[in-house]
Amino acid sequence: MSSTLTLTFAGGAGSVTGANFHLTDSVSGMQCLVDCGLFQGASTSLPKNVEPFSYVPADIAFLFVTHSHMDHIGRIPRLVREGFHGVIRSTPATKDLAYEMLKDSLSVLRSEQRKTGIEPPYDDEDIEGAMRLWEGVEYHQDIPISGGLVARLYDSGHILGSAMVSFTREGRTLVITGDLGNSPAPIVRDTEVLPEAHYLVMESVYGDRNHEDRDGRTELLRSLILETVEKKGTLVIPAFSLERTQDVLFEINNFVESHAIPNVPVFMDSPLAIRVTSIYRKYERYYNADVKSVIKSGDDIFKFPHLSFTETREESERINSIPGPKVVIAGSGMSNGGRVRHHERLYLPDAKNTILLVGYQVPGSLGRQLLEGAKKVRIFDTEVPVRARIASVNGYSAHKDMDGLIAFAAQGAKTLEKVFVTLGEPRSSMFLAQRLRDYADLNTHVPEDGETVTLAL
Ligand SMILES: [Zn+2]
């Protein structure tokens with residue numbers, strides 16, 4: 001076989017964020033990308049996000065999108081602005097969710113612009129332009145590219161619509177995982193079996209550690225709600241709008257339906273999460289079998305007595321005048337912005353309230369300060385004493401842990417010639433690569449940012 005594919009790690013090697021894989025076909029000269037994500041950190045506007053692309057956007061024929069998290073889609077509008085006019089492919093759910101996420105992040109960039117003067121690197125027209133090039137394809141459908149190459153999407157079980165992408169030619173296959181789900185997840189399906197592959201590019205966010213509290217997450221959530229009811233307090237859950245919010249809502253729905261908690265008002269106070277939830281409703285076909293059977297039995301998984309979706313600012317403000325006990329789910333997940341900060345300012349000073357952190361908190365964020373036990377924090381230029389209980393649970397992570405990642409890659413031990421370990425902090429990627437060598441007898445490589453490799457495919 002003489003045909004080759006060259007793969008350049010244009011983003012997402014040596015870092016969790018900024019996913020951007022660039023492929024060039026030796027047969028046809030065709031170039032394509034998998035993901036075009038934002039680099040993320042404590043600050044939202046990292047200089048890396050506005051650096052020139054390492055390829056000519058106008059020369060790219062296809063862009064495959066694994067899922068709708070910003071670190072996989074955030075630079076797409078800029079790619080369009082700079083001349084990309086090829087074809088974008090993902091599941092239809094990813095397309096719908098990406099639209100909401102990109103619009104929301106532009107509005108955040110605009111509000112920051114008022115303070116910093118930094119202009120957003122794209123505008124609404126660039127988002128609309130991306131949508132016009134974007135077409136949904138279902139899992140397992142053949143997507144012919146060029147020179148005999150065929151792409152296909154497989155369910156990665158990470159968030160609604162998330163996919164791994166495979167590229168196959170004459171019986172040889174490359175799989176790029178995107179992010180891999182923490183199966184079994186409350187709503188989405190399990191990660192599919194790794195298709196027979198010769199090369200694998202995989203994520204490694206949790207490559208060096210296991211999730212400790214995944215079995216206890218449901219019980220912890222329930223016990224915090226019960227405690228809140230007893231203390232007549234408020235349970236505030238700063239939640240990531242995509243997947244985590246829907247997972248938490250579904251868990252509370254199950255408590256209510258099974259009478260595991262008494263009646264308590266629950267407020268979903270995030271316009272973005274409300275829009276995302278309505279997209280979830282559209283794609284019930286992607287839910288796991290358990291959730292489908294719950295729905296079939298007549299239960300609406302995002303609806304239960306005393307649940308309100310508060311869309312407008314007035315509705316949001318009215319939550320404050322309702323006496324406890326109550327549960328408030330509001331964005332953003334790290335309390336960097338969004339409505340949750342108003343609630344935190346109000347509820348943090350009182351010991352009968354609880355703040356439940358449900359995911360990773362980046363250093364420097366308000367969520368991180370709370371997690372680290374700050375006695376007082378600054379919110380909207382006021383000093384707020386922290387007397388509320390601060391609880392955290394990592395079991396809602398949407399990523400496979402170390403053992404899960406090893407078990408996933410080991411499925412390919414018979415055919416895999418090389419595994420590229422990416423999308424993790426360097427320490428985590430190195431650790432996983434070593435484990436894959438030792439425990440699954442796989443040939444691994446941790447690519448550097450910008451490195452190019454040649455694949456026989
Ligand atoms: Zn993700």
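The following legends describe close-up views of a predicted model. Local features are given for pLDDT of at least 70 and side-chain atom pairs for pLDDT 80 or more, whereas totals for chains, interfaces and linings use all residues. Residues are numbered from 1 along each chain as its sequence is written.

**View 1. Contact of helix 3 with helix 7.** The axes of helix 3 (residues 92-116) and helix 7 (residues 271-282) come within 10 Å and cross at roughly 170°. Helices (H or I, at least four residues) and strands (E, at least two) are DSSP runs, numbered from the N terminus. Axes are lines fitted to C-alpha atoms, for helices over the stretch in contact, and angles run from 0 to 180 degrees between N-to-C directions. Helix 3 and helix 7 are therefore roughly antiparallel (over 145 degrees). Ala93, Asp96, Leu97, Glu100 and Asp104 of helix 3 meet Leu272, Arg275, Val276 and Ile279 of helix 7 (C-beta atoms, placed from the backbone, within 7 Å).

View 2. Asp403 lies in helix 12 (residues 402-410). With 14 other C-beta atoms within 10 Å, Asp403 is partly exposed; a residue is buried at 20 or more such atoms, exposed at 12 or fewer, and partly exposed in between, with C-beta atoms placed from the backbone. Glu212, 191 residues apart from Asp403 in sequence, is 12 Å apart in space, C-alpha to C-alpha.

**View 3. The two faces of helix 13.** In helix 13 (residues 426-440), Ser428, Ser429, Leu432, Ala433, Arg435 and Leu436 are buried. Exposed residues Arg427 and Asp438 are carried on the face turned away from the buried side of helix 13. Just after helix 13, Asp441 takes a positive phi of about 55°.

Definitions and conventions
Parallel < 35°, antiparallel > 145°, perpendicular 65-115°, else oblique. Contact = placed C-beta atoms within 7 Å. Expected span 1.5 Å × (residues − 1).
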